Amino acid sequence: MRACLSSARIARAIHFNGTQYYSKSARSLGTHQPLFKMSASPASPTRPPPQPLHSQHPASHPTGVRLASTAEGTTGETTTASPNCYGFHITSCMDAGNIEVLGAPDDSTINLAIRPDPYCASDSRAHYQLSMHMWFNFRLVGAAGRQVRLRIVNAGGASYAPAWLGYRACASYDLQDWFRVPTNYDPASGVLTITHTPQQDAVQYAYFAPYSLDRHAALLARMQGRSRPDLPVRLRVLGRSLEGRDLEMLEIGPSAPTAVAAASSLAEATSPAAAAPSATSSPSPGPCPPPLRVWVICRQHPGESMAEWFAEGLLERLTDPEDSVARCLGGKACFYVVPNMCPDGSARGHLRTNAAGTNLNRAWAAPSLEAAPEVLHTLAAMDKTGVDLFLDIHGDEELPHVFVAGLEGLPGWGPRLAGLQTAFCAAAARHAPEFQTAHGYARDAPGRANLTLASKQVGHRFDCLSLTLEMPFKDSLEVPDPRVGWSPGRAKRLGAALLGAINDIAHLLRQSA
């Protein structure tokens, strides 16, 4: 989405490593149009042009800006950003970075804009805004001890603008401890204002705590190191994204033959017949069933970074040799976990789309290599393994609750799936007090499920329990935390807790109606 500023082109002089650049947000789209035009009325959305499939990502261009004292012109004057004004420095030149610096009208106010995702045709057809922008992630340096007002002037044109109400931005000095800062949204002007007095020179602000690609790589490496004979951990590359990034999956648990052998050995070792053989012993039972196949995918929408924090918590508990729930699950289930379904969108700082502007969670009915290779490769792997339980992990911009979107609209919806869904929700509420069923999305009418969504398509394709789990960008009203809101730590603990719910219902997953 582009907020409108006047017909004059607005150039920003960017000083980076001694070189001056004139940067425009639209250069990543292969155009030379300005990001903003001045107008007296609130910004109105216009459709951004489609982004070339392999265009250079804006973060590859320098975006560090020292702000000029010259106020933004309102009659077509060129506004430049020159060094050494007010002592502020803002950069989004980082993994998942996203912000545009427009200017500094005074020594405590900085005007900013969120760079939109590429145009997403599927979301347009679903009546969303024509551009997807809510994700921001940037660093401010030089404001220690000074109150600053960071005004995101195009917030009113965001994908889910009403969700700004009640929202507070995330901030961190060390990228480990994330806390909330005062934030106000004015619906009349469409401006989101973050007001904060940093206590240190450098502070990071983000829509939610980012989960970097470096942390992602470290997580995979750490999980490989936790592999053990009774619970092997394997790293699989399902395919590559449009920009050549690996789509990685962790397979945790025994393969079918290994699980059968392990279960048989355990039964033999613990049976009375093994201790005292008898001629009257009953015949040994038949072979054990193959392990349950549990699929968990995260971050189809790259800006929903809480999903990968959830995955980290789930994986850490699942591979903990001293955790009894994990050990129980390890004996009867194999987990297939994709921590980041959209690595290109994550690196680019997108909210909902991959490099081609595809919303992956609207591509499951007929994924293509050209538009959604991430879905194509993942679905192909599911077809090979089969699925008994599927969880698609997301974040919701507006609702301050943890909840699931169910399968009520599936053509095959009936007593079996209804019972499984009810049992999972009851188990989740026992293990995680944030989880609730009173608030969530409207249920689909019978037979009207949208099979382009991951959970609907997988549930239909494999006739299994298949749910979309949503966490808040704001806070959980059931268990609020005023300092941090919903946070990386809370997302991790939810991921760990829901292993208990999975263990509780595991025996039901293959039962017939």
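Biologist: What should I know about the numbering and the model?
Modeller: Residues count from 1 along each chain as its sequence is written, and side-chain values use heavy atoms, without hydrogens or water. The model is predicted, so to speak: local features need pLDDT of at least 70, side-chain atom pairs count only at pLDDT 80 or more, and totals for chains, interfaces and linings use all residues.

Biologist: What makes up the secondary structure of the protein chain?
Modeller: It comes to 11 helices and 20 strands. Both are DSSP runs numbered from the N terminus: helices are H or I with at least four residues, strands are E with at least two.

Biologist: What makes Phe403 and Tyr441 an aromatic pair?
Modeller: Rings of Phe, Tyr and Trp (its six-membered ring) pair if their centres lie within 6.5 Å. Here the centres are 4.9 Å apart. Planes under 30 degrees apart count as stacked, over 60 as edge-to-face and the rest as tilted. These planes are 85° apart, and the pair is edge-to-face. The structure holds 13 aromatic pairs.

Biologist: Why does this pair tie together parts that are 38 residues apart in sequence?
Modeller: Because Phe403 lies in strand 19 (residues 403-405), while Tyr441 lies in the loop between helix 9 (415-431) and helix 10 (454-462).

Biologist: How do you know that strand 14 and strand 15 pair?
Modeller: Two strands pair if DSSP finds at least two bridges between them. Strand 14 and strand 15 (residues 246-252) have seven, in the antiparallel sense. Arg236 stands opposite Met249 in strand 15. Arg234 has Glu251 in strand 15 as its bridge partner. The two strands form a hairpin with five residues between them. Gly244 in the turn has a positive phi of about 90°.

Biologist: Which sheet has mixed pairing?
Modeller: An open sheet of seven strands, in the order 14-15-17-16-18-20-19.

Biologist: Why do strand 14 and strand 19 stand at the edges?
Modeller: Each has a single partner strand, so one side of each is left without a neighbour in the sheet.

Biologist: Which residues of the largest nonpolar core touch the most other members?
Modeller: Phe136, Trp164, Tyr205, Phe335 and Phe424, out of 97 residues. Such a core is a set of buried Ala, Val, Leu, Ile, Met, Phe, Trp, Tyr and Cys residues joined through side-chain atoms within 4.5 Å. Apart from this core lies another, of 24 residues, including Ile297 and Val458.

Biologist: What does Phe335 touch?
Modeller: Contact means heavy atoms within 4.5 Å. Leaving out residues up to four places away in sequence, Phe335 touches several, among them Leu250, Val294 and Ile502.

Biologist: Why is Arg168 called partly exposed?
Modeller: Its relative accessible area is 29%, so Arg168 falls in the partly exposed range. Arg168 sits in the loop between strand 8 (148-152) and strand 9 (169-172). Its contacts include Arg180, Asp481 and Gly485, not counting residues up to four places away in sequence.

How values were computed: Buried < 20%, exposed > 50% of the residue type's maximum accessible area, 1.4 Å probe, protein only.
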